[in-house]
Amino acid sequence: DRPGYTDDVASVALATYQRGQVSLPQGQAGRVAISPLLPPPLQQLLEGETGFLRSRAAAKEVLHESGTTPAMDVRLGRRGFEYGEFLGMLLSSGIIERSDETLEEVGIFFTPKRSGGLRLIFDTRRANCHFEEPPHTSLPSAENLGDLEAPPGGSLFLAQGDVSVCFYQFELPEALRRFFGVPPVDASFLPAAVRKELDLSRTSG
């Protein structure tokens with residue numbers, strides 16, 4: 001079992017990091033701001049803290065009760081040149097940015113894709129402890145689809161769509177980014193081009 005995981009998540013098939021196998025956006029990530037897509041009440045909730053973020057005391061209590069340790073890929077967890085190169089790719093893709101303020105860190109691991117590549121997963125369970133519980137969302141299941149009926153002589157049409165690397169298309173609001181830092185790496189492990197671009201001695205992503 002993966003340390004720090006609940007029984008449900010531990011049952012997920014995991015894969016070890018392999019250079020060049022991770023599915024990342026071809027262009028820059030985070031080009032679509034979330035807030036303008038939401039109705040005004042949700043915009044206000046996202047941009048404010050009331051009813052959205054727990055107090056620091058409450059978040060500390062939830063973190064203590066959860067006892068969660070972010071899962072980390074065994075190879076990237078060594079935080080050497082391989083991890084530095086990987087962070088360089090995330091920086092170049094616009095998935096992460098340099099940050100001088102990080103309140104929480106996420107884990108990084110991978111699951112296999114049917115195409116043979118790797119799907120990047122960020123373990124945000126500790127970050128989630130800083131946010132209030134969201135309302136329940138009812139999602140359709142295979143059983144629901146099986147209950148669909150068409151009138152006699154009628155037709156039933158189904159369709160599906162998929163947005164390539166959809167998760168990376170949306171921009172994380174700036175005020176929330178401090179909760180989703182990646183584990184830091186010594187700048188000496190970053191590619192030379194990245195060190196020059198960032199002009200810093202250490203980075204936390």
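Predicted model: local features only at pLDDT ≥ 70, side-chain atom pairs only at ≥ 80, totals over all residues.

Is cysteine 166 buried, exposed or partly exposed? I looked it up: cysteine 166 counts as partly exposed, because its relative accessibility is 31% (buried means under 20% relative accessible area, exposed over 50%, partly exposed in between, with a 1.4 Å probe and protein chains only).

Residues are numbered from 1 along each chain as its sequence is written, and side-chain values use heavy atoms, with hydrogens and water left out.

Cysteine 129 is buried, at 7% relative accessible area. I then looked for disulfides (pairs of cysteine sulfur atoms within 2.5 Å) and found zero.

Next I turned to the cores (sets of buried Ala, Val, Leu, Ile, Met, Phe, Trp, Tyr and Cys residues joined through side-chain atoms within 4.5 Å). The largest nonpolar core has 25 residues, and Phe86, Leu87, Ile108, Phe110 and Leu120 have the most contacts inside it. At least two residues of this core come from each of α4 (81-93), β2 (107-112), β3 (118-123) and α7 (192-198); helices (H or I, at least four residues) and strands (E, at least two) are DSSP runs, numbered from the N terminus. With five residues, α4 gives the most to this core. Another core, of seven residues, lies apart from it and includes Phe52 and Leu176.

Last, I checked aspartate 73, in the loop between α3 (56-66) and α4. Aspartate 73 is buried, at 2% relative accessible area, and its side chain reaches the backbone nitrogen of leucine 76 at 3.1 Å.

Key. Polar contact = N/O pair within 3.5 Å; in protein donor to acceptor, adjacent residues only side chain to side chain.
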